[in-house]
Amino acid sequence: MELNYRQHSDEGPPLLILHGLFGSLSNWNWHARKWAEPFSVYALDLRNHGNSPHADSMTYPEMAGDVLDFLDHHGIDTCHLVGHSMGGKVAMQLAMDHPGRIRTLVVADIAPVPYEGEHDRIFAGLTAIDPAAVKTRQEADDVLVDYEEDEQVRLFLLSNLQRADGGGFEWRINLPALEACYEDLRAGLEEGRYEGPVLFLRGNDSNYIRESHREAILSRFPRAELKTLMQAGHWLHAEKPESFNRLVTEFISEHEDDDG
């Protein structure tokens with residue numbers, strides 16, 4: 001599968017960015033521009049998201065394979081890899097499957113463990129919207145507000161609505177596939193190992209990375225470091241962009257010449 005991407009620079013070591021569930025590469029524009037100064041930055045749309053192709057299945061090995069194909073297609077032997085939430089699991093899977101291709105790994109607010117159905121109400125809200133029938137995003141928001149109170153989260157979700165050629169709207173994401181594959185997306189990663197440098201970043205207001213996850217993390221990533229961003233939740237890269245960007249840049253720079 002040929003993933004959609006945006007390249008922000010072509011000088012310096014390659015750095016790939018993988019977004020989370022319901023996200024897209026555009027969510028990372030600010031960070032990509034910042035990182036484009038020292039790195040060759042590639043922001044990707046994962047399958048069934050953004051402008052990448054749709055598919056009926058989306059296991060983590062499959063999505064990691066998509067990113068590996070991207071590396072091969074673009075002649076990228078090794079890269080620094082940043083992934084948030086679902087994208088963090090894809091990044092972890094790729095690092096364990098092909099450790100020689102990853103120079104450093106940054107995982108934002110996710111662990112390699114199974115999760116409960118935190119997005120069930122969001123799926124219910126999105127499926128309650130008939131995109132072809134709504135005339136404005138506000139009409140869609142009027143439906144979604146019954147399922148999600150946070151206005152910023154609703155704005156993020158509704159960024160996946162795009163104008164249809166025949167009028168009205170359509171989903172850019174493959175919503176039926178995302179819902180059908182949600183059990184695979186919630187699943188933990190299989191046993192594997194990546195012995196390179198890894199930074200796990202979590203928000204102190206998020207419960208996605210817990211103390212109980214430490215053993216699962218260290219068994220797969222023995223060199224993992226964990227840092228916490230204060231006054232930040234699950235979308236820590238958007239809530240505390242300056243701090244997030246600085247921590248990632250410092251970590252990668254510190255291990256730039258690390259041979260593992």
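Select F123 first: at 3% relative accessibility, this residue counts as buried, a term that means under 20% relative accessible area with a 1.4 Å probe and protein chains only. The model is predicted, with pLDDT of at least 70 needed for local features and 80 or more for side-chain atom pairs, while totals for chains, interfaces and linings use all residues. Residues are numbered from 1 along each chain as its sequence is written, and side-chain values use heavy atoms, leaving out hydrogens and water.

The ring centres of F123 and Y182 lie 5.1 Å apart with planes at 65°, so the pair is edge-to-face (centres within 6.5 Å, planes over 60 degrees apart). F123 belongs to helix α4 (residues 120-128) and Y182 to helix α8 (residues 182-186), so the pair ties together parts 59 residues apart in sequence; helices here are DSSP runs of H or I with at least four residues.

Now display R186, which lies over the face of Y182 at 5.5 Å from the ring centre (CZ of Arg within 6 Å of the centre and within 35 degrees of the ring normal).

Move on to Y5, Y42 and F70, which ring pairs link into a cluster.

Finally, select E118, H119, R121, I122, Y147, E148, V153, Y208 and W235, the lining of the second largest pocket. A pocket is an open set of points on a 1 Å grid over the protein atoms alone, where a 1.4 Å probe fits, with protein on both sides within 12 Å along at least five of seven lines; lining residues have an atom within 4 Å of a point. About 170 Å³ of space lies in this second largest pocket.

Key. Points joined across faces, edges and corners; volume = space filled by probe spheres on them. Phe/Tyr/Trp six-rings, centres within 6.5 Å; stacked < 30°, edge-to-face > 60°. Helix = DSSP H or I, 4+ residues; strand = E, 2+ residues; numbered from the N terminus. Buried < 20%, exposed > 50% of the residue type's maximum accessible area, 1.4 Å probe, protein only.
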